[in-house]
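Student: I am new to this one. Can you show me the structure before I ask about it?

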Amino acid sequence: MISPALLDLALQFLVLSLLSIGGANAVIPEMHLRAVGIEHWMTDAEFSQMFALSQAAPGPNVLIVSLIGWKVAGIAGALVAMGAMCGPSSLLAYWVAHAWDRFRDAPLRIAIQRALVPVTVGLILASGYVLTRTNDHTWPAYAITGATLVAVLTTRLHPLWLLAAGAVLGALGVV
Amino acid sequence: MSEPSSTPQRVTNAALFVGFLKVGLSGFGGVLPFARRMLVEQRRWLTEQEFTEVLSLSQFLPGPNIVNASVIIGRRFQGPLGAILAPLGLMLMPLVIVLLLATAFAAFAEVEAVRGACRGISAAASGLVLAMAVRMAQPISRTTWQVTIGSIVFVAVGLARLPLVWVLVALVPVSLGFAWWRRE
């Protein structure tokens, strides 16, 4: 017997999988909308904590999906959500990869790539904005976000150091 | 393309699984650089050019980029089974670790320092995502139609919080139209 919660998780992430042009980070606003706004699986603060945990662990950004699944339905939820998020897009990648190689220089292929870049940029920027609004509630939090943004753009520091700096400042009670 | 290269014709299923398992474990703060190092520099499964092509296809397709890349590479060497084992290897350890982290966090969720650390990481990670957007925007910043499409997507999804499906259904065809009409 498959529980309704698992089915719901699967459905939500099967759809998100095919919408995530630009990767998991591009659909954070939509995940937030569905998980917090529509499905009421968690609060804003919990979503924010899951985002933090998924960033603190090694591995791809898509890990936040497994934490949402875990919150809703335990280990089974984590596996179902992750499988649903990666399944359809992986099938598409499997199927398209072969054809794509043969149209290396086709004008249509180049046009599709040029068309999707601005969509991806808009989506990632929206993610950054929604995350900042969801995660930051005090001016020191905004300052950490801003300082991280500037540090990434102007230095070659590894992102892990910036996350570690955020963790230390947070643990000291600054945020 | 038959340029001379030293990349292998076959990589075993076990090697695919273990190779991507290591990538998953090492990928702190973004997996792609580690994947490139393993695939191109250490094991030489792909040339630099091949890696770039796999990557650009993975980024264009929906889904997590690195998962797409592992599917495409797994398929190239071992067909369907490789296309399953490579992403499984990639995700296995990160999945275990993040769930352990979440379990540990749940036990200490009442400790103020732990909650604070979480808020600090979230704040910094938001900055990382914003920086990623700024970096990606640079190559298209001189093309008016691309800036316009990007801005509309941002306003629709980020500010107006419209459902993503409708935004993509409405804007992807428009963007395709521009890209085709303005092609060189």
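Student: What radius of gyration does chain B have, against that of a compact globule of 184 residues?

Tutor: This is a predicted model, where local features need pLDDT of at least 70, side-chain atom pairs count only at pLDDT 80 or more, and totals for chains, interfaces and linings use all residues. Residues are numbered from 1 along each chain as its sequence is written, and chains are lettered from A and ligands numbered from 1 in the order in which they are written. The radius is taken over C-alpha atoms, and the globule rule is 2.2 Å times the number of residues to the power 0.38. A compact globule of 184 residues would come near 16 Å, but chain B has 20 Å.

Student: How many helices and strands are there in chain B?

Tutor: Both are DSSP runs numbered from the N terminus: helices are H or I with at least four residues, strands E with at least two. From the N terminus on, chain B runs α-α-α-α-α-α-α. The count is seven helices and zero strands.

Student: What share of the residues in chain B is buried?

Tutor: A residue is buried if 20 or more other C-beta atoms, placed from the backbone, lie within 10 Å of its own. Of the 184 residues in chain B, the buried share is 46%.

Student: Which helices do the buried residues of α7(A) pack against?

Tutor: Helix α7 of chain A covers residues 159–171. Its buried residues include A:Leu162, A:Leu163 and A:Leu169. They pack against α3 (44–56) and α6 (139–154) of chain A, together with α5 (112–137) of chain B.

Conventions. Expected span 1.5 Å × (residues − 1). Buried ≥ 20, exposed ≤ 12 C-beta atoms within 10 Å, placed from the backbone. Contact = placed C-beta atoms within 7 Å.
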